[in-house]
Amino acid sequence: MAETALTNTGQGAGRLPGWPGIAADWASDQRAFKNVSWGKAMMWIFLLSDTFIFSCFLLSYMTARMSTTVPWPNPSEVFALNIAGQHIPLILIAIMTFVLISSSGTMAMAVNFGYRRDRVRTAALMVVTAAFGATFVGMQAFEWTKLIMEGVRPWGNPWGAPQFGASFFMITGFHGTHVTIGVIFLIAIARKVLRGDFDVERRGFFTSRKGYYEIVEIMGLYWHFVDLVWVFIFAFFYLW
Amino acid sequence: MTNAAVHMEGQLHAPAHGAVATGAVHAKGQQHPIKLYLVVWGWLFVLSTCSYLVDYFGLHGYLRWSLILLFMILKAGLIVAVFMHMAWERLALAYAILLPPIAVMVFVAIMVLESEYTHFLRVLFFATPS
């Protein structure tokens with residue numbers, strides 16, 4: 001197939017290291033991401049664009065927080081919970097972080113089993129990942145409900161700077177949307193894996209293209225990115 | 001089909017990644033031992049716990065900010081390098097993806113100056129400083 005001609009460049013042994021290698025890859029007679037499949041390169045480029053969107057959100061939040069003369073609410077206290085009579089600061093967010101990290105772990109293993117063509121384990125690990133993701137979104141729904149009950153709105157809150165609410169709903173809402181889409185994506189691919197679509201090279205319903213096990217890695221990239229963004233939100237919004 | 005490319009990739013990556021050189025030469029795609037993922041997973045747990053403890057013990061000032069940023073960068077690095085396999089990708093791809101976000105730092109610097117100026121004006125004309 002055409003893809004073979006594009007990717008099999010016959011230079012496996014003579015791969016140049018460092019900058020000469022980059023220059024060679026990007027040179028006009030070459031494909032820039034040689035031996036990197038288009039699916040993977042496109043997912044990376046999409047994630048780069050998503051990085052810019054999240055950067056803009058976090059930047060606007062930084063600007064709002066730095067320029068306001070009204071005290072910023074203390075996130076440690078805002079997200080504290082009373083568990084068994086104990087007042088524990090930021091505990092909900094900590095648990096959400098561990099849930100999302102665990103989902104990244106199971107996803108990484110799913111990719112591994114995918115390339116080994118272990119259909120059942122791959123699908124099972126992807127479903128576990130989706131379950132962690134759904135748990136995360138559920139906890140976020142709880143967090144939103146609690147804050148809305150306490151009077152947090154996009155235009156104000158009981159503890160200080162009104163921009164807190166706008167930043168909170170915008171940033172966590174956009175991230176939660178990503179997680180939700182990821183859960184749907186995971187279940188869709190897990191179903192294809194389990195059905196053996198990638199073994200029989202069954203054509204997709206929507207694109208009518210053949211699917212390969214690499215899609216598990218590509219969707220893994222998306223999932224790990226969601227976890228990656230949370231690392232930054234955790235640091236800048238909840239800990240800062 | 002892609003398998004040809006993927007197969008080649010496996011061979012290309014094997015020497016760079018000594019631990020799997022024997023096992024993964026004939027494997028397809030990004031194949032690394034499960035143990036590696038488990039180790040990274042464990043580290044992410046440890047680092048997240050450390051981040052949380054920074055808040056739990058109520059550290060303040062430069063110590064707090066530097067620890068938060070340190071744990072954040074280590075976590076992000078582990079996820080991108082190992083879970084997203086960037087450590088084993090072609091340099092052309094790695095630089096194309098990793099360099100642009102660094103340019104965002106310029107934007108950050110601009111907005112820091114801008115918000116400090118806005119804050120200054122607000123203090124001067126509208127409010128008492130917080």
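Author: Two salt bridges are found across the interface of chain A and chain B. This is a predicted model, so treat each value as computed from that model. One salt bridge to look at joins A:D25 and B:R90. Their closest N and O atoms are 2.7 Å apart.

Now take in the whole interface. Chain A brings 76 residues to the contact, and chain B brings 65 residues. The area buried between the two chains is about 6400 Å². Carbon and sulfur atoms give 72% of that area. Three residues of chain A stand out here: A:R15, A:W44 and A:T69. They supply 11% of the area that chain A buries against chain B.

Over all chains, the structure holds 11 of them. One lies within chain A, where the side chains of A:E217 and A:K40 meet. The N to O distance is 3.1 Å. Find both ends in the sequence. A:E217 sits in helix α8 of chain A, residues 214-239. A:K40 sits in helix α3 of chain A.

The chain has eight helices and two strands. Read from the N terminus, the order is α-α-α-α-β-β-α-α-α-α. Along its principal axes, the C-alpha trace spans about 65 × 40 × 30 Å.

Follow helix α3 of chain A first. This helix covers residues 38-67, and its axis comes within 8 Å of the axis of helix α7, residues 163-195. The axes cross at roughly 160°. An angle over 145 degrees counts as roughly antiparallel, and therefore α3(A) and α7(A) are roughly antiparallel to each other. Their crossing is left-handed. From α3(A), the contact includes A:M43, A:F54, A:F57 and A:Y61. From α7(A), it includes A:M170, A:I171, A:F174 and A:F185. By class, the residues of this contact divide into 11 nonpolar, four polar and one charged.

On the α5(A) side, the contact residues include A:I93, A:M96, A:L100 and A:Y115. On the α8(A) side, A:W223, A:W230 and A:F234 are among them. A:E217 takes part in this contact too. The contact residues divide into 16 nonpolar, five polar and three charged.

Helix α2 of chain B runs over residues 34-56, and helix α3 of chain B over residues 61-83. Their axes come within 10 Å and cross at roughly 165°. The two helices are therefore roughly antiparallel to each other. The crossing of α2(B) and α3(B) is left-handed. Among the residues that α2(B) brings are B:Y37, B:W41, B:W43 and B:L47. Those from α3(B) include B:L67, B:F71, B:L74 and B:F83. This contact has 17 nonpolar, two polar and three charged residues.

Last, return to the start. The bridge between A:D25 and B:R90 joins one chain to the other.

How values were computed: Residues numbered from 1 in each chain as written. Chains lettered and ligands numbered in written order. Predicted model: local features only at pLDDT ≥ 70, side-chain atom pairs only at ≥ 80, totals over all residues. Heavy atoms only, no water. Axes fitted to C-alpha atoms, helices over the stretch in contact; angles between N-to-C directions. Helix = DSSP H or I, 4+ residues; strand = E, 2+ residues; numbered from the N terminus. Parallel < 35°, antiparallel > 145°, perpendicular 65-115°, else oblique. Left-handed = near helix turned anticlockwise from the far one by under 90°. Contact = heavy atoms within 4.5 Å. Nonpolar A, V, L, I, M, F, W, Y, C, P; charged D, E, K, R; others polar. Buried area = accessible area lost by both parts, 1.4 Å probe. Salt bridge = Lys/Arg side-chain N within 4 Å of Asp/Glu carboxyl O.
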